[in-house]
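Good morning, and thank you for coming.

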Amino acid sequence: YRAKFDWSHYPLNALDEHFLRTKLHRETVECASVSSAFLQIMSAIQTAEKNRKDGRRRNALKLLSKNTRKTKVVALSSSSCSSGGDGSVQKSNIKKKKGGSNKGEAAGGRAELTTHRVLPEDLKKHDGLYESEDGVEYGTNLDRNRYGTDTDYLHTCIKYNVASLNLCEKLVNIEIVDSKGSITAS
């Protein structure tokens, strides 16, 4: 997977021209993992959104994590919480079982959000959204093996996220690159 960004479709005058030319990537690094591609794309959008100069700075990840089911952006918290699957968060008392599964609990006794059957270690196995915004870390529960007949689920999620942020869908173009470097879909 590789995504190309066309920042000319980002809101006019929202970003400093120098920042736009020097800090925002034109494309992501090719990768075989749909999760890594997703995180690279969301990291670029987050960088743009938090550096807006038009008075509309926002934490895109925080906004998108409110609807985890559709956006696949998960807020990982240091408090004991669990997700209701719809993006809502409920408090819970997670206790470490002796000799049993510690699903939902990271090393050091810190509980993390788990959603849609994704293990906490899977949420953190890819780098990308781990800058702390408002004291919260963000990850994804996107898994290419769980979406039935939708073979282009990465595109579906990114298109939904871009629309949710009221950005132009032409901002991101996702390509599927085969092992020989040929683009098989775009």
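How many residues does H6 have, and how far does it reach from its first C-alpha to its last? Helix H6 has 12 residues and reaches 16 Å between those atoms, close to the 16 Å expected at 1.5 Å a residue. The expected span is 1.5 Å times one less than the number of residues.

A word on the basis of these values. This is a predicted model, in which local features need pLDDT of at least 70 and side-chain atom pairs count only at pLDDT 80 or more, while totals for chains, interfaces and linings use all residues. Residues are numbered from 1 along each chain as its sequence is written, and side-chain values use heavy atoms, with hydrogens and water left out. Helices (H or I, at least four residues) and strands (E, at least two) are DSSP runs, numbered from the N terminus.

I return to H6. Its buried residues are Tyr153, Leu154, Cys157, Ile158, Asn161 and Val162; buried means under 20% relative accessible area, exposed over 50%, and partly exposed in between, with a 1.4 Å probe and protein chains only. Seen down the axis of H6, these residues fall within an arc of 165°, so they line one face of the helix. The arc is that of the directions from the helix axis to the C-beta atoms. As a general point, an α-helix has 3.6 residues a turn, so residues three or four places apart point the same way. The buried residues of H6 pack against H2, H3, H4, S2 and S6, where contact means heavy atoms within 4.5 Å.

Beyond its neighbours within four places in sequence, Phe38 is in contact with Leu154, Cys157, Ile158 and Asn161, among others.

Phe38 also contacts Lys72, which lies in the loop between helix H4 (68–71) and strand S2 (73–76). Lys72 has a positive phi of about 65° although it is not a glycine. Most residues other than glycine have a negative phi.

Is Lys72 buried or exposed? Lys72 counts as buried because its relative accessibility is 5%. Asn166, which follows H6, also has a positive phi, near 60°, but Asn166 counts as exposed, at 68% relative accessibility.
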